[in-house]
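Hi,

Here is the structure I promised to pass on. Please open it alongside this email; my notes follow below.

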Amino acid sequence: MISIFDDIQKYPRRAKQLLGINYEQFTDLVNYAKKSHEEEQLKFEQRKVRIHRRGGGRKELLSISEQVCLCLFDLRQIPTFEVLGIMFGISKTLSNDTFHKSEKNIT
């Protein structure tokens with residue numbers, strides 16, 4: 001099954017239908033979210049007491065771009081988090097957590 005993000009990458013004109021914004025606006029929003037995420041991580045690293053080496057811990061299942069796509073798709077189409085998780089290949093709990101985390105980074 002092809003994900004929404006892959007579909008938008010393959011056919012950029014569908015972004016307006018699926019997300020409510022055109023592809024250029026989507027890429028601008030992704031760049032803003034990446035910058036915001038990097039700033040947040042930098043602040044977190046400065047106040048963190050490190051026990052393990054950098055790079056340890058669980059890796060994120062979705063990239064920043066996919067997280068933004070998930071958030072916009074949810075706001076546009078309003079599916080349940082269970083359906084959203086199925087569409088992006090993650091659990092409903094992770095889709096809920098990703099939506100609320102991405103929403104903070106975007107706004």
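Start with helix H4. Its 14 residues, at 1.5 Å a residue, should span 20 Å, and the end C-alpha atoms are 20 Å apart, so the two values agree. Bear in mind that this is a predicted model.

H4 covers residues 64-77. The helix is mostly covered, with ten of its 14 residues buried. Those buried residues are Ile64, Ser65, Gln67, Val68, Cys69, Leu70, Cys71, Leu72, Phe73 and Asp74. What lies over them? The cover includes helix H1 (4-10), helix H2 (15-19), H3, helix H5 (81-88) and H6. Just after H4 comes isoleucine 78, which takes a positive phi of about 55°.

Now look at serine 65, one of the residues in H4. Is serine 65 buried or exposed? Its relative accessibility is 11%, and buried means under 20%, so serine 65 counts as buried. Setting aside residues up to four places away in sequence, serine 65 touches Phe5, Phe26, Val30 and Lys34.

Phe26 is worth a look from its own side. Beyond its neighbours within four places in sequence, phenylalanine 26 is in contact with Phe5, Gln9, Leu19, Ile21, Ser65, Val68, Cys69 and Leu72.

Next, the core. In soluble globular proteins, nonpolar side chains tend to be buried together. Here the largest nonpolar core has 23 residues. Leu19, Phe26, Val68, Cys69 and Phe88 have the most contacts inside it. H1, H2, H3, H4, H5 and H6 are the elements that give two or more residues to this core. Which element gives the largest share? H4 does, with seven residues.

Helix H3 (residues 23-47) packs against helix H6 (residues 92-106) at an angle of about 95°. Their axes are 9 Å apart. Angles of 65 to 115 degrees count as roughly perpendicular, so that is how H3 and H6 lie to each other. On the H3 side, the residues that meet H6 are Leu29, Tyr32, Ser36, His37 and Glu40. On the H6 side they are Lys101, Asn105 and Ile106. By class, this contact has three nonpolar, three polar and two charged residues.

Best wishes

Definitions and conventions. Residues numbered from 1 in each chain as written. Predicted model: local features only at pLDDT ≥ 70, side-chain atom pairs only at ≥ 80, totals over all residues. Heavy atoms only, no water. Helix = DSSP H or I, 4+ residues; strand = E, 2+ residues; numbered from the N terminus. Buried < 20%, exposed > 50% of the residue type's maximum accessible area, 1.4 Å probe, protein only. Contact = heavy atoms within 4.5 Å. Axes fitted to C-alpha atoms, helices over the stretch in contact; angles between N-to-C directions. Parallel < 35°, antiparallel > 145°, perpendicular 65-115°, else oblique. Nonpolar A, V, L, I, M, F, W, Y, C, P; charged D, E, K, R; others polar. Expected span 1.5 Å × (residues − 1). Core = buried A, V, L, I, M, F, W, Y, C linked by side-chain atoms within 4.5 Å.
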